[in-house]
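Colleague: I am new to reading models. Can we go through this one together, term by term?

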Amino acid sequence: MPSAAEADPTEPGAPEADSGTADPEVPGAGAADPGAPDARTAAPGEPGAGQPGTGEACTGEAGTGKAGTGKAGTEEAGTEEAAAEEAESEEARAEEAGPEEAEAEEAGAEGVRGRRVRFAGAARFARPAVSWAAGVLVLGALLMPNGLNRLTPFAFTRIPVEGLCCAALLLVLRPAARRAAAVGLGVGLGLLVVLKSLDMGFYSTLDRPFDLVLDWILLDDAQAFLRASAGTAGAVGAVALAVLLVLAVLVLMPLAVLRVSRVMARHSATATRSLLVLGTVWVTCAALGVQLAGVRVASTSTSTLLHNRAHQVRAGVQDKEAFAREARIDAFRDTPPDQLLTRLRGKDVLFTFIESYGRTALEDPAMAAGTASVLADGTDRLERAGFSTRSAFLTSPVTGAGSWLAHATFLSGLWIKNEQRYRNLTSSDRMTLTGAFRGTGAWRTVGIMPGVTKAWPEGKFYGLDHVYDSRDMGYRGPKFSWTPVPDQYSLAAFERLEHGRRDREPIMAEIILASSHNPWSPIPEVIGWDEVGDGSVYHGLKAAGKDPKEVWQDSEQVRTEYRRAIAYSMNSVVSYLERYGDEDTVVVLLGDHQPVPTVTRGALGRDVPVSVIAKDPEVMERIADWQWQDGLKPAPDAPVWRMDSFRDRFLTAYGP
């Protein structure tokens with residue numbers, strides 16, 4: 001590391017380089033003994049003050065015989081070195097501060113020098129530490145990955161090309177421009193850290209990065225999830241902490257870049273040589289594809305991320321027009337109502353969604369055996385009750401979360417992959433599958449929505465005559481983490497409020513079963529239907545369950561509880577059909593999306609199981625050409641359809 005007196009060749013008037021002194025701000029720079037006296041500031045009468053006649057003059061003035069060469073010459077050299085260091089330091093400060101600040105600083109120079117002497121020891125260690133910390137912060141921000149699965153020590157052993165380019169830019173700029181550029185780069189780097197942090201959260205939940213155009217509204221949904229799972233106080237605390245962290249990053253990062261730029265400017269020769277060496281290493285590693293533990297040493301991750309995000313923004317803006325073109329295509333737009341769903345007239349049709357029920361539950365090696373046993377038992381019980389079952393897979397537009405997008409895709413026949421499409425869909429006149437039932441006038445259409453806790457205007461778009469949310473079911477039991485109402489109670493409420501009524505018309509119901517919603521604990525048990533009552537019985541069942549905070553400390557426990565939650569939801573449906581199903585009951589049972597990556601571990605895509613269950617042989621005969629497989633469990637090679645294709649296939653199968 002060069003000394004503090006090393007000249008910046010781009011700045012006129014810089015002092016000559018002197019290897020005997022060091023800038024205390026530069027990590028590792030040498031420094032004088034903190035206990036040595038300062039010849040410039042020692043008080044008269046103290047050792048080293050250089051008074052004539054003491055016999056130890058250090059300035060070459062008249063003495064008693066020891067001035068000029070000996071010890072006096074040594075101390076004279078030390079004085080010159082200190083003066084050079086002081087001059088260089090003063091010049092650097094004046095350059096950074098500007099004329100007005102420099103004048104004020106000169107006016108208080110004597111006081112500053114006095115304080116510098118008193119705190120020289122502490123500053124000698126603190127200032128290099130701050131400089132090192134600033135450099136580590138900047139480098140960490142550049143190398144920080146945007147996914148938790150890539151957050152390893154080797155991710156920080158790379159050489160970021162973006163850092164080399166920015167450092168070169170700062171070196172060639174004049175002081176004023178350098179300060180402005182450093183602040184701008186620091187703010188940009190802070191925003192980059194925030195974006196990468198959002199990506200981490202979205203990859204962990206939705207298995208995709210944050211969308212700068214379309215995903216802001218999901219932050220409100222995340223807060224609602226926190227409030228439902230951790231309570232209002234926990235949600236407010238989490239949001240406040242997140243805001244403070246964002247502000248801290250946006251303040252500290254510009255300060256860090258400014259600090260680094262000043263150190264580089266004071267030691268521009270060394271910084272230039274270092275950049276040339278690192279640039280050569282980067283080019284060599286890039287050409288040879290050098291890796292450490294599978295991580296490329298020559299990194300372009302930040303520029304790649306920004307390029308991809310720019311493309312994402314363009315795609316998000318263009319998606320509105322693309323969706324409008326897709327929505328204009330509707331094979332059933334002009335179909336007369338009396339020609340819709342003619343083969344299901346008189347039937348009670350229940351579209352039943354099981355939250356987070358994905359292919360993982362069937363095929364993950366750690367879950368497959370347990371889930372297969374539940375599905376095999378359910379198939380046998382349904383057969384004994386007179387039901388037939390056919391199953392396959394649908395590919396959901398989302399994974400990890402976003403149930404409403406999957407429901408919209410399934411019912412509308414359009415690929416609803418983001419919130420913008422959802423808003424455009426629900427403000428249109430697109431005929432949904434549920435709306436088709438209502439349009440015929442042959443069914444009463446209802447929704448059982450236990451996860452809805454406030455007004456839900458979308459019910460009108462979906463063509464539902466009435467929506468029963470968590471406030472309308474008469475539930476007097478406890479919440480099970482996020483889930484306001486257990487699945488068995490939701491089905492019991494449907495039976496009490498609609499299906500079990502006498503002299504009713506046929507019903508089409510959209511039923512959402514939410515007990516298998518993240519965090520999957522505590523999980524209720526299936527009880528006797530006569531025991532359900534107003535739900536008070538669930539207080540004891542919840543107390544016997546597991547604490548989600550403990551479960552989520554171990555990913556294997558999370559996966560186990562997820563499998564158990566799916567089993568509970570499936571057993572609730574099978575038990576309901578055993579008890580209340582009849583010759584006119586038709587059920588379409590499906591998952592909405594795969595669970596979060598903690599459960600899927602990034603495998604098995606976005607497929608969800610789907611089954612059609614009915615007693616009437618004609619109902620099953622109408623879908624024989626679908627080539628779906630018998631039973632509740634589709635095999636790995638079962639047919640796979642896009643979820644948006646189901647509406648048209650279903651309307652075709654049960655049309656004239």
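Colleague: At what angle do helix α14 and helix α22 pack, and how far apart are their axes?

Modeller: Helix α14 (residues 433-440) and helix α22 (residues 646-653) pack at about 35 degrees, with their axes 10 Å apart. This is a predicted model: local features need pLDDT of at least 70, side-chain atom pairs count only at pLDDT 80 or more, and totals for chains, interfaces and linings use all residues. Residues are numbered from 1 along each chain as its sequence is written, and side-chain values use heavy atoms, with hydrogens and water left out.

Colleague: What makes a stretch a helix, and what is its axis?

Modeller: A helix is a DSSP run of H or I with at least four residues; a strand is a run of E with at least two. Both are numbered from the N terminus. The axis is a line fitted to C-alpha atoms, for helices over the stretch in contact. Angles run from 0 to 180 degrees between N-to-C directions.

Colleague: Which residues of α14 and α22 meet?

Modeller: L433, A436 and F437 in α14 meet F646, R647, F650 and L651 in α22. Contact means heavy atoms within 4.5 Å. By class, these residues are 6 nonpolar, no polar and 1 charged. Nonpolar covers Ala, Val, Leu, Ile, Met, Phe, Trp, Tyr, Cys and Pro; charged covers Asp, Glu, Lys and Arg; the others, Gly among them, are polar.

Colleague: Why are α12 and α13 called oblique?

Modeller: Helix α12 (residues 403-412) and helix α13 (residues 419-426) pack at about 50 degrees. Under 35 degrees is roughly parallel, over 145 roughly antiparallel, 65 to 115 roughly perpendicular, and the rest oblique. So α12 and α13 are oblique to each other.

Colleague: Which residues make that contact?

Modeller: W404, L405, A408 and S412 of α12 and E419, Y422 and L425 of α13. They divide into 5 nonpolar, 1 polar and 1 charged.

Colleague: What makes L341 buried or exposed?

Modeller: Buried means under 20% relative accessible area, exposed over 50%, and partly exposed in between (1.4 Å probe, protein chains only). L341 has 0%, so L341 counts as buried. L341 lies in the loop between α9 (301-327) and β5 (348-354). Its phi is near 60 degrees, a positive value in a residue other than glycine.

Colleague: And how do you know the class of D207?

Modeller: D207 has a relative accessible area of 41%, so D207 is partly exposed. D207 sits in the loop between α6 (175-206) and α7 (216-266). D207 also has a positive phi, about 60 degrees, although it is not a glycine.
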